[in-house]
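Welcome to this guided tour. Open your viewer, get ready to select residues, and follow along one stop at a time.

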Amino acid sequence: MVNSRESRYLDVIFVIICIFVIFVCLLPMLTLMARSLSSAEHLIRNEVTLWPKGFSFDAYRYVLSDSKYTWSLLWTAILTVSGTFLSLFMTTLAAYPLVYDKLKGRKFFSTVMLFTMYFNAGTIPMYLLLKDVGLLNKPLVLIVPYCLSVFNMILMRNYFYTIPESLRESAEIDGAGPFKILTSIYLPLSTPVIATLALFYAVGRWNGFSDALMFMNKREFFPIQLLLYNLINAVSSLETYSTEGFTPPGLSEALKAAAIMFATIPILFVYPWLQRYFIQGVTLGAIKE
């Protein structure tokens, strides 16, 4: 098919718009990277824009000089992987039974779960509950309480609705039970939604720090976001120390940028890795009747 002149003009405009959007999205990241790799003197003079000046790794050396930061990064990766798998498991167990029309109380269970999406007891009752069950200041307190998102469960349930009932009915005629139908039909055809929800859960767990801030006092179990949050809050003291000659003036701005890059870069590598599964999942989920 030969494109007309008008369609070619539209393609050019579309490409220009995409390039502009990409640039707008990359601009903050490029600015942070430039500031994290610039010397303190150039940052004081506000000379850094999109390219580092006075190339220096001092900010990253300050962040990585203490082993607690590298351990916190590893611990956050463990939390992200384990929490994502547990969340996907719980989400599937909650969404799959609601597909069956013959499930007694299906509308009641859906309403109760939807109610918790809009209303909750609050932080203090959650704190008291976790204290009573003995989870405070334990690693499981960062995984178990928020392992299920009702919104994500609704997304998975709605995706399950798009799978033809004829597939399930034919499997039931062949003698397959609910668990066999889930593992042999629903999950193989649900790769796109599983990959999408895995990304949602992983990013949420990686960026989370409020639960650790409220429910965890042991520093060895601080996720990287909370540790860097404390680091950025403590940067003001570095500015005070710089007047006494302990740290280079202006290092605080580089430290802030390096801390953000240190916590952001690892999760960025997840996106292109999952993109392959999006494409593959769409192919596997194709249904022809």
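One term before setting off: a contact means heavy atoms within 4.5 Å. What you have on screen is a predicted model, where local features need pLDDT of at least 70, side-chain atom pairs count only at pLDDT 80 or more, and totals for chains, interfaces and linings use all residues. Residues are numbered from 1 along each chain as its sequence is written, and side-chain values use heavy atoms, with hydrogens and water left out.

**The whole chain**

Start with a cartoon view. The chain has 15 helices and 0 strands; these are DSSP runs numbered from the N terminus, with helices (H or I) of at least four residues and strands (E) of at least two. Of the 289 residues, 36% are buried. Here buried means under 20% relative accessible area, exposed means over 50%, and partly exposed lies in between (1.4 Å probe, protein chains only). Among contacts with a separation of 6 or more, 72% are between residues 24 or more positions apart.

**Colour by confidence**

Next, colour by pLDDT, the predictor's confidence in each residue, from 0 to 100. The chain average is 80, and 87% of the residues score at least 70. Select residues 240-249: pLDDT stays under 50 there, and the model has 12 contacts beyond four places in sequence for them. Residues 281-289 also stay under 50, with 11 such contacts. Where pLDDT is low, the predicted coordinates should not be read in detail.

**Along helix α1**

Select residues 5-36, which form helix α1, and find Phe23 in it. Phe23 counts as partly exposed because its relative accessibility is 43%. Which surface patch includes Phe23? It is a nonpolar one of about 1,100 Å², whose members include Leu10, Ile13, Phe20, Leu30 and Leu50. Patches are made of residues with over 30% relative accessible area and no salt bridge; like charges are joined within 9 Å, and nonpolar side chains (Val, Leu, Ile, Met, Phe, Trp, Tyr) within 5 Å.

Stay in helix α1 and pick Arg35. Is Arg35 buried or exposed? Its relative accessible area is 19%, so Arg35 is buried. Leaving aside neighbours within four places in sequence, Arg35 touches Leu43, Asn46, Val48, Glu253, Ala254 and Ala257.

**Salt bridges**

Side chains of opposite charge can pair when their charged atoms come close. A salt bridge is a side-chain nitrogen of Lys or Arg within 4 Å of a carboxyl oxygen of Asp or Glu, and the structure holds 3 of them.

- Select Asp101 and Arg106: their closest N and O atoms are 3.3 Å apart. Asp101 is exposed, at 51% relative accessible area.
- Move to Glu172 and Arg168, paired at 3.8 Å between the closest N and O atoms. The two are 4 residues apart in helix α8 (residues 165-173), so about one helical turn separates them. Glu172 is partly exposed at 31%, whereas Arg168 is buried at 8%.
- Finish with Arg205 and Asp211, whose side chains meet at 2.9 Å, N to O. Both Arg205 and Asp211 are buried.

**Cysteines**

For the last stop, select Cys18, which is partly exposed at 30% relative accessible area, and Cys147, which is buried at 11%. How many disulfides does the structure hold? There are 0, a disulfide being a pair of cysteine sulfur atoms within 2.5 Å.

Note on methods: Accessible areas come from the Shrake-Rupley method with a 1.4 Å probe; for residues, only the protein chains shown count as cover.
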